[in-house]
Each structure stands twice: as structure tokens, then as C-alpha cells.
4 protein chains.
Amino acid sequence: MSRKLRMGMIGGGKDAFIGGVHRIAAIMDGETELVCGAFSSNREKSKESGALLHLPAERVYGSYEEMILEEKELPEGIRMDFVSIVTPNHVHFAPAKLALENGFHVVLDKPMTFSLEEAKELKKIADNSGLLFCLTHTYTGYPMIKEAREIVASGKLGKLRKVYVEYPQGWLSKYLEVTDYKQAQWRTDPKRSGIAGAMGDIGTHAFNMAEYVSGLKVTSICADLNINVPGRLLDDDGTVLLKFEGGASGFLFATQVAAGEENNVKIRIYGEEGGIEWQQEDANTLKVKWFDQPTQVLRTGAPYLGSFAKHNYRVPPGHPEGYLEAFANLYRNFALTLRARLDGRTPEKEWLDFPGIEEGIRGMAFIENVVKSGRSERKWTEFEL
Amino acid sequence: MSRKLRMGMIGGGKDAFIGGVHRIAAIMDGETELVCGAFSSNREKSKESGALLHLPAERVYGSYEEMILEEKELPEGIRMDFVSIVTPNHVHFAPAKLALENGFHVVLDKPMTFSLEEAKELKKIADNSGLLFCLTHTYTGYPMIKEAREIVASGKLGKLRKVYVEYPQGWLSKYLEVTDYKQAQWRTDPKRSGIAGAMGDIGTHAFNMAEYVSGLKVTSICADLNINVPGRLLDDDGTVLLKFEGGASGFLFATQVAAGEENNVKIRIYGEEGGIEWQQEDANTLKVKWFDQPTQVLRTGAPYLGSFAKHNYRVPPGHPEGYLEAFANLYRNFALTLRARLDGRTPEKEWLDFPGIEEGIRGMAFIENVVKSGRSERKWTEFEL
Amino acid sequence: MSRKLRMGMIGGGKDAFIGGVHRIAAIMDGETELVCGAFSSNREKSKESGALLHLPAERVYGSYEEMILEEKELPEGIRMDFVSIVTPNHVHFAPAKLALENGFHVVLDKPMTFSLEEAKELKKIADNSGLLFCLTHTYTGYPMIKEAREIVASGKLGKLRKVYVEYPQGWLSKYLEVTDYKQAQWRTDPKRSGIAGAMGDIGTHAFNMAEYVSGLKVTSICADLNINVPGRLLDDDGTVLLKFEGGASGFLFATQVAAGEENNVKIRIYGEEGGIEWQQEDANTLKVKWFDQPTQVLRTGAPYLGSFAKHNYRVPPGHPEGYLEAFANLYRNFALTLRARLDGRTPEKEWLDFPGIEEGIRGMAFIENVVKSGRSERKWTEFEL
Amino acid sequence: MSRKLRMGMIGGGKDAFIGGVHRIAAIMDGETELVCGAFSSNREKSKESGALLHLPAERVYGSYEEMILEEKELPEGIRMDFVSIVTPNHVHFAPAKLALENGFHVVLDKPMTFSLEEAKELKKIADNSGLLFCLTHTYTGYPMIKEAREIVASGKLGKLRKVYVEYPQGWLSKYLEVTDYKQAQWRTDPKRSGIAGAMGDIGTHAFNMAEYVSGLKVTSICADLNINVPGRLLDDDGTVLLKFEGGASGFLFATQVAAGEENNVKIRIYGEEGGIEWQQEDANTLKVKWFDQPTQVLRTGAPYLGSFAKHNYRVPPGHPEGYLEAFANLYRNFALTLRARLDGRTPEKEWLDFPGIEEGIRGMAFIENVVKSGRSERKWTEFEL
């Protein structure tokens, strides 16, 4: 199939942050083109955004329902192949459901839905549809995170003992939701974000990284959730003790009130023989530590990396790739897999390595469990799906 | 003008490195699309590359001459707006000339030409054409390099005294040009690279950064050029003492035999009151140092940055951008300026900030002067244009 | 008083680690000399150690009782002024008691005693004696830790919200207590270390730093303590959620099974306006972060530091000081205070800034509370003295 | 011999910087004690300094001549064993000569003398005396510098190609010699410093490191020396191209006008197979880089280090040592060697590894050659002794 895949976008109008990120990520590698969009539930705004994106007016829609239903009627050589949904959490389930039910593959921003119940329902719909589904947990798109996972999986570090994951931000240190800062408004609004604030926004990313890199599932948690800014309605901070299957333990912390911090998500994992350390501020580096040997500094693009890390990089070592490329790796792997399917080829295992419905379910379960644990007087809360 | 700009590419077939980089950089921001290409002087290879890029067969050409002349005949709504030339150095001048003479704007990889003489000739052609010209000195696309330039220009650092720029690589530590490593072959071949090796490939980048950030012109140099690998035909290493207008001094070193080094281009500039330091391995950080105050760590995306740094970034602080985004900034500014011109609008000053023909001339003069100095027994060689 | 202070040492024979550290720390600044010692409870070993230290044989004793009682009988111009006790935890209380009761000032390694009960008893003895007492919580001796405390105390960071302190080590990743590794033997032995392992050894340091820098007292904790190495008798790892007076929260983790980690104790504190970050691997640097301004990098020796940081440094900026100097700062401040007292002068406030009996009590309370919390099924355990 | 070695100090009165450093370095390890001093040529000031150092008044002298001649008359069990000379450069030769001629071993601050001629004369005197001589090139005392030398010497890096050494400082960015800043006064005064400023003060350190770590001698140089501050009499800055025996090349830069820089001396060496990198700001780390393998991070105190690095460290990995310990390593090795000689034992090879008269000669030759080259119009100046 020698053509680009065709993407329609839901949400991501001109004032949004994450919509632009998705668009860059989707088109960067030349596998996908943006062909249509419902960028806002306000038809005017949607049209305006579409024009700025150089889309033909007739492919810019006033609502996602309109887009999905009208695109479905377009001829095969023209209509979109998949939708990318980048709306706030409360508008995840309905457009994803409608897209799947009308034959469109789906890329969906995290957390997957508004509630765990919705997530389970969506899983059923996706499973029935037989369509491809990608959930954009960006950080697992980093090549050195993939390398870390391969090293852990190889057993070289020995039996895992500790998993430390942290996600410090400072942008919500002030009471910004009463200003006209849109991102701050909806992230702190239970009606649009759901039952969790920081835990839903960035805690789910940290949780996903912990399970992805360690290859272990969390079995019980002990959460201390806090609201640090008076008047705020959702947690802006929390620390969570973790227990994993097989006996490893650790913590996850996610905060949006660490004033002066940007977005330096970091993971450290230790086994009996050694450990790994990665942080987004130095994203092209993976430190591998050993009980009694020198620490090794692994770098993106290097010849000694495993196949997953190599597949997810574009340039020679020393030419740093960043957040947008990590994000693009999700879209690229989704696109390569989709293209293989459309062509009737078997996708490579490296292409299939993008987060999907299962990660979405576990992320929503994390939110429910962490809120439950935060309210509990008992130390440990079992992690339930 | 609500459409994407249309780019045709010359060179950059499937085995090339820099062609893919140019394509990502060009399309990432949604301002430009690749519509045609002459990816190789071998028609078969060109076709094959075009198919991989999902281009329609009829827009994939067997030579740049064919592309330029045939595209010229296409209707305005279809034909390319500009060419991107990503061939080895000896195939820079001719396609650039032909494109300009046929009304196509040009983006050209560095160094500008094969010789200074060609560079001067190209300048005449470009000046006469009145068309836009961009030379891809990638590193000036980094937002923190732009911030560094603004800080220097503000005078806060006081009168400049020292400019240290370095570009260590290790990839040519071995005699790779006798293997089938294409990049190593042509970079070390005087017939394709010109009279300089490392100095032409990466020395020109370092030189460009030094002049761009300092705002000062080099006036004399003292070069020690070396061939470290027996059998090699061009310098793979050199250190150059620099004198600048106004009295500042410093050095430039560029080496491709620092085994274990990747691509960590770095610049340090000091004035009477303080200094700046930036390196590609930590590209989102600019250190600003002061005689008797704490060093400040400036970060991409932050609210306190100047308008040039802000214009050249896409995401909030802490979401690292890298080499591809720096490269994309060149294409984006070129595209914004071109679009403004096509629309009859005045471009913003931030859009106009991309390297062009003058930087190309100085880069070629650097090559000629540095080789001359390397052969001279006198300490100082005047920098002549 | 123009003479050096005279120190006698209890413990610290030739195979011990911390004894040598104390000796370097004590004499480095020329304020104190080692004049006698009971380096081992084995007379032979004590003599052997004394000879290696160039002590006259008659001042090397076979037990601490002997040393204290015999030194007491020596003339004033000769006998020791204070003892330094560097034995394992179960031999802290008795020699400290005996020294105080016989008129000798005391420097004591942490944790203060074997149990909280002993600690309280020792406090009474010390209070009654009117003698000087220093507990060697090394890390509060670092100048940048003192600067951090001053910045927090100044209120510039705003009301504190988060305190994160961590102490990762890897040296007990293997079952070393069954080898002839002395340090591993006693640290993991409940009869010599007390009821806690990692929490007593390094958790107490982390706890002390958290309270010292934040200026806040911990009010409740939630601990997850673990034994990771089969056969081990005491915790080798733990993570503890913390609540502080005034509403701040955070965590402390201390582990000795993070294979590949050395000793990189680290603290981060955030208030409404900004935060501080320090880690021992980069001990001469303090990062001060701000909500919307560039991070500042403060460095030891710099002219802009506060009086506490300045007093605790010896050389100009850029000449790194380390662990031994931090340790020496405790001894130096103890010595300056003691000398002032002996001379009838009032010590400067900077000299008085060394840890003492109160920090020792809180450290022992931490051990008791953290073990209690570790065994509790309730989330929060009140921090009781 | 079970006693401490006895040191007398020349220079290093209460306002001096380097005297205090020498004293800490000398006594830290318990091998040496300060027994007498001529701390100033002003008898009053010398007495005052001696009192602050808790020395008995009768061992504090009014001049170095007095000290040397009077100490010589004291009984063997009391008189000093060696002198430590920490005066400005113009008062190096005479006291060193007098000490050697009167049977005292010598520790001398760098650069060795005021001129190369004096240096050659001092070598003759030292050789004739048969006494021990140590020149305090501090940086070769760092354990990781010793490790770097061992790695280079092992041949693992392959044939050396590049040696880059740099020493940036900023403290002389202003015209401080007209204030009452004593250090600035004599460092910039040709009558006290000699023919070079920055090159003599810190350039000699950098030169010494380059030759020590590479194991290669410099054979020719090309210097650009500058005076950046109007009114200053000696170079405050310079960059020097270097050629080494065997074909390696590189540069040395030393500047005291890089405003905002502290003292971050740094060395990088590359061979055909890999390279090493060390800088004082991260003194406990040595990076070892490889052509196609991960960089290794070697750390002081680690079990995998060579015997020289291990011998020159005191504490377990992760407890940072710094400048004072590096300095102390020189004194300790000098003392261990001296003690062995006094005891008639053969010193270990690790003890003998401290800089001496040969390094002093080469340092003074560097000063003469670099000034000569700086004035020459020819590119290369042969390095002559």
C-alpha cells in the first residue's frame, strides 16, 4: 500500500496543547497525513483551527459525530483510516465508541476514559470491533525506556527488588484554575477529569512506566493523596507505596506542586545484580548500574542497543531526540502495524510494541484504586481491576 | 494562503542519512509537504525511494534537471514551491543554480558549495533571482542558541573576551572509507567533499555557531589540521586559534577521531561580566554564568525567555526537543517567511532568523582559510573572503 | 587558650571504617589532636592500632573504662578534653555515660544509642553534666545543606509543601553477613545494631536531614520495611510516607539493596514559590528552583552565600570539598564551641550549629516509630517520643 | 619509626590561601604534624599566625633563614624533618636551596622557581643533597587522575591521538590588583610571579596533567597569550596548541578571565580505541569512552580500580573526596616515602608517585617556551629544556 495513512482528529483546537503534539507526532515520519478534523464542539472554532492547519473546509467538522458519520460515507480512497482523540477525559469514551462502531481505528489520549467502568465497556467494544487501538502513554515510546525494559527482561539485573518511579511537576503550584488557563481549568475539574487530578494526569503515566519497564504488575498500594492549593477540588499531589507480584516493592510519586519542577519523569529499578536509571531530562541516556562493576551509560542510536531501542530512533548517536519523537514512535508503530494489516502482512514485534486497551484498563484501575487507598485508614489496598 | 508549501527533494535516497532528517524537519510542523523528488541520479533508485515515501510515481524523477524542468511546466496549484538539496558537496552548486534560475526557492545543505569560488557565484545567482535561500546550519535552530545570541547581544555579559567552540566526534576513528560505509566514503573523498574533511563537515558548523552567537566576525586564524588515520586523504581533525573583531579570542576544535564521542557540539562565550555555555547533549539547557552571582539555568519553553527562543519551541518546559526540532525550526522559519512573501505580508523578525547565502559564503571562506593556515608556517592567517 | 584540644577515641581500631573518618575529621583543621585511645576491647588490638597512629604506648588503653578513669587522673595540661565514641550501636550508651559522669565532653557516632529508652536516659545524664555533646550526623555538616536550611528558613520558598529525602545504597545487595565482612556483620545483627537495620544506619541520617533542612518536625509516618536478602535479620530497605507539622508531606526512602548505588543521599524540598535540591554526589552544588524564574546554581565558597555556609568551607569556589570536610565541620564547630567555653567566650551562632542530644533522641524515636509503623496494618502511625 | 613526621612551614601566614591548604593536606592523614613555622618575613605577623595555629612561641620564627638554621641545631627528636614552602614564586628558590643544603627534605608549591635557570640550579642542589623533594602539582593527587594514567598506560585506548586540557577560571576578570586583594596583587606582578601570569599559575598545572596522564612529553607548542584587562602586566589568558612525541596533538587552555568559571580543570584524552574524560567539578568520576561500546563511569573507592587509585582514597565509594584530599595524597605519599627511607624500608611504587624536581623543571620550561611562542610570529616553537 503505497500511500500515507489518513487521520481525522477529534479535539485539539487552536488553544489546546496536546492536539498539536499529536499532529506533529502523527505526521513526522511521513507515514500518516491529517485529512480531517472536528477540532472543537464549537463549529466556528473547529473551522478556524482547520484553516490554520491548511485543511480543506469540507473536511473540517462541527462535531465528532458529524465527522465519523460523514467520513464513513466518503469513498475508500479518500475517507480517513483512523481517528485521533485528544479531548479532555470526559469526552474520550463516546467518540472512541462511535469511531470503533463505525469501522475506524482509534488513537486515544490517556487516561483512557472517565471511569474504570467506561474503560471496561470500551474494551468490549474494541475487542468486538477487531480494530486497532492505541493509547498514548508517551513515555514508553522513548527508545531508552524500551532498552531498559529489554535489559530487565533479559534477567541480567537478577530478581527485581525495587521499583522507584517519580513524576514531579510544578505548574499547578498556584490556584490557576480561577484564571483563564484552560489546561488548569479542566485538569482540576472533577466533571471533566474524573475522580483524580495529578494521579489521573501524570500518576497514570508513572504507573504505566513502572509496569512496562519492570514487566511486573502492581498487586497492592498505599496512597497518600493531597490537595495543596486551597480551593482546589482534586488531588494535586500524591505518594504511593507499591507492591509488585514476585515480591518487589517501591513507590510512585506524582506531584504538580513541586514549584520549579518541569516534567522530569524518572524511573529507577534495582535487582539483585544491578539497576537501571532513566529520566526524561536526559532522555537519550540510560544508566545501567552493577553491584561491583562500573556504571554503563547507554545512548540512543548506539550500535550495541537491542532491536526495540534501535527501531525507535531516527538519527545517529549524539543527535538528541526528545518528547515529540517518543510520541511519534507510538504513532509510527501504530501506523506500521495498521499498514501491515491493510496489506495483509505480519507486523514485526517491534511495531506491535505500543500501549493499548489493556494498559488503558490498568491505568483506570490505578486511578480508582489510588483514590480508594487515599481515603482508606488501612495501610494496604489490594489493586483490583 | 491556506495550503501547505510544496517541496521537491534532490538527493536523500533510501540509504542516505541527512535526506531523512530534512524530510522530517520539513514536514513536522504541518507547513510543508513533500510533493516530488529526484532522490538519486540513478532513476531506479530514485523511483524506489519515492515509492517508500508514498509519492506518486509521476512526481519521482530520474535527475534534478528533469525534476526542475518538468515541475516548472506543472500548473501553479500543483508544482513544487521550493527544492531541498541534500546531495554531497560536489552536487550542491549545479542544482541550486538550476533551481534558482527556474524560479524555485532553495533550501541547501551545508557546506554551501564545493569551493569558495562556487559560493561567490551562487550568491550572485541568488541575489539576481530574488528568491529565498536557506542554508541548513542546524545548530542555530536550537532555541537556547537563539537565547544565547540574544543575551550576548543585550550586552549583559559585557565586552566579549573569549569564544570557545568545539565539535568532537569519534565515528571516523577507524579507516572506514575502505568499507562500504557510504557516509565515510564521500566525507573523506576530496572529489566529493572538497579540500577539507572534518573542517568542512563539522568545522563549518562550529564556525557558524561561533559567529552567530557571539555576533562577531573572525578576523584571523591559526590552524593545526591533522590526518590521524593512515591512508586517509582529508583532515579528520583540527584545532584552530581564533581572533575576532573587537579583540575577543578563542579556539575552535573539530575532530572526528575522538573515539567514544558522539556529536556533542558545545559553545562557551565569556565577557567581562559573565558567560554562556551550551552543549547539544543537554540541548534544552543554557547556562548563564556571572562573575559573582549564582549561575542561572535557562530552559527551553520557559516563560522568561526572549522572543526568538520562544518562537522556536513547541511544547511546555520539561518536554525535551532535540536535533530534529532544531532542524525543523530552520524549515519552519523558511516556510513562514516564504508564505508571508507569497501572501504579501511582512515576515516577523523571528521568522527571518535562518542561515542563508552570507553564512554560506563565510563557511566556504572558513574552509579555504583554515586549509591555508594549516599549511602555513606563520602563526596567524588573515581571514579573507 | 592557645593549644589544640585533646581527643581520646573509643573504638575505631585498624579494621574499622568510621574510626578513621572521625580521626581525619577531628584533626584536619588543626583544632584538635588525638592523644589517647581505647581502640578495641581487645588490649592487643588496641595497642596495635595505637602504634599505627603514632600514639605513645602509655596512652593506648585496653578498654574505655580504663581510658576514662586513667585519663581523669592525669594532670590538666595532659589529659584528654573529650572522647570520640565510634563503636557499634550497642556500645554507645555505656561509654558516653561514663565519660560524661567523669567530666569529659562527648562526640558520639549515630544512631545515639541502642534504644530510645537509653537515649532518654543519656539525655538526662548529659543535661545534668553540663558538658558538650555532639552527635555526628555528617550530612548536616555540608555547607550547601546549611545554605539550604537558611533559604528555607528565610521564607523565600513560601510555605513548605513537599519534603522528599532518599538514601540509596547497594552494598548489602548480597548476603554478606555470612562472609568475614565486619561492617556487614554488625549492621545486620539485632544484638549490636538494635531493632532496625537500614533504617537505623542510614534512615536516621535521612530523617535528620529532612527535619534539619525543612525546620519542621515529622508528626506521623507510614512505613513499608523490607528484608530483601533471604536469611537477613533486619530491614535492609524501607520507604516511609511522612507528614510534617504545618501540613507538609513527603517521603523518606533508605535502602541498602539498590545494587549499583553508592551513597547518594539526596533531599528535595518544595514550597509554594520554589524549591531546593541537593545530593551528595554533587555536594558543592545547591539548586534553587523557582516557579517561573531560572533555576539558580549555588556553589560552595561563593561570595553570595549565607554566614553558615561560608563558615563551613575552607577553600575558594571550584575546589571541591567532600564528605571528610562535612564531617570535619562537625568536629570544628564542636571544637570552636568547646574552646570558647574553656576560654569563657560566647560562641558564634555558626559554631553552635552541630547536632546534639535532641537530634539523637529524635533519631532513636524515628527508629522505634518506623519499626512500629512497619508492623502496623494502619496507614498512619503517630510519631511519638 | 612510630612517630609523626615533623614539618616546618615557610610562608602561609594568616591572610594567605594556599598555606592553610598545605597545612590541612599535611596533617589530615595523621602522618605529619606541624611543629614550627616562618609564616611571614614580618616577625610580628609570623608570631601571630603561629599562635593561631597553636604552635609554641619558640618554634615560630621571623624568617626562613632563622628557622632553618635554628631548627638544625635542635636535637633529633625535636627538630623538624622537612620544610613546606608556600611563598610566592620569587621566594621559592632561596629557601628551598637553604633547606636542602642544611639537610631538610622539601615540599615546594608550584611553579618550582622564578625562572627556568633557577629551576636547573635547584635540580643540581637537590640531586647533590640526596634529600626528598615534592612539588605540589595538586591535580595529579586525585585518584581518578591516577586511574586515568593507568588506563592510558595499559594501552587499552590504543595509540593516543588527542590530548585536550583546559583550566578555566574567572576570578581575574576585573582589575583586582589595584584593590587590596593580595592574591591578585602578586599573581599579576612580574616581580613576584615571573614572566607569566595565568600560564605560570594554572597553565603549569594543566601542562603537568597533560604529560602525567598521557605519559607523553610535549615537543612543540603554538601559543596565543592575551592580556584582557587593561593595565594588567602579565597574561591572564592563553590557548596553546600542543604536539606530543609519537604524533599526538591537542591543546591546552588556561584563562583567568572566563567570568563565572571557578576552577574546573578538565582533561580529555583519545586514542584509536577510546578515551578518558575527567574534570575537577566531578572529581570522583572518570568517564572511559569506547569507539562502539557504552561509556563506563568509574568511581573513586570502587573495587575495580587499579592500585594507584585505590591507594589514594580513604572512604567507601559515594563518600566524595575533593581538592584537600588530592592535596593530602601528595603529602601522604611524600611522608610514606620519607618514613620508609628513615626506617630503611623500600617504598611501594604507589608511594613514590608524587611530583618532584623533574616535573618542576618541565613546568618552568613550559613557562619559558609558552611566553617565547606567544611572542613569535612562527606557528610552532620547539619545546626546549
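## Two domains in chain A

The C-alpha centres of domain 1 and domain 2 of chain A lie 27 Å apart. Their bounds, which come from an automatic or database domain assignment, are 5-131 for domain 1 and 142-316 + 362-382 for domain 2 of chain A. Where they touch, domain 1 of chain A supplies 13 residues and domain 2 of chain A supplies 14 residues; two residues count as in contact if their C-beta atoms, placed from the backbone, lie within 7 Å.

By class, the side of domain 1 of chain A that touches domain 2 of chain A has seven nonpolar, four polar and two charged residues. Here Ala, Val, Leu, Ile, Met, Phe, Trp, Tyr, Cys and Pro are nonpolar, Asp, Glu, Lys and Arg are charged, and the others, Gly among them, are polar.

## A note on the model

This is a predicted model, in which local features need pLDDT of at least 70 and side-chain atom pairs count only at pLDDT 80 or more, while totals for chains, interfaces and linings use all residues. Residues are numbered from 1 along each chain as its sequence is written, with chains lettered from A and ligands numbered from 1 in the order in which they are written.

## The sheet and its annotated span

Strands are DSSP runs (E, at least two residues), as are helices (H or I, at least four), both numbered from the N terminus; a pair needs at least two bridges found by DSSP.

## Between the chains

Nine residues of chain B are in contact with nine residues of chain C. On the chain B side these divide into five nonpolar, three polar and one charged. Strand β13 (residues 295-299) of chain B runs antiparallel to β13 (residues 295-299) of chain C, joined by three bridges, with Gln296(B) opposite Gln296(C).
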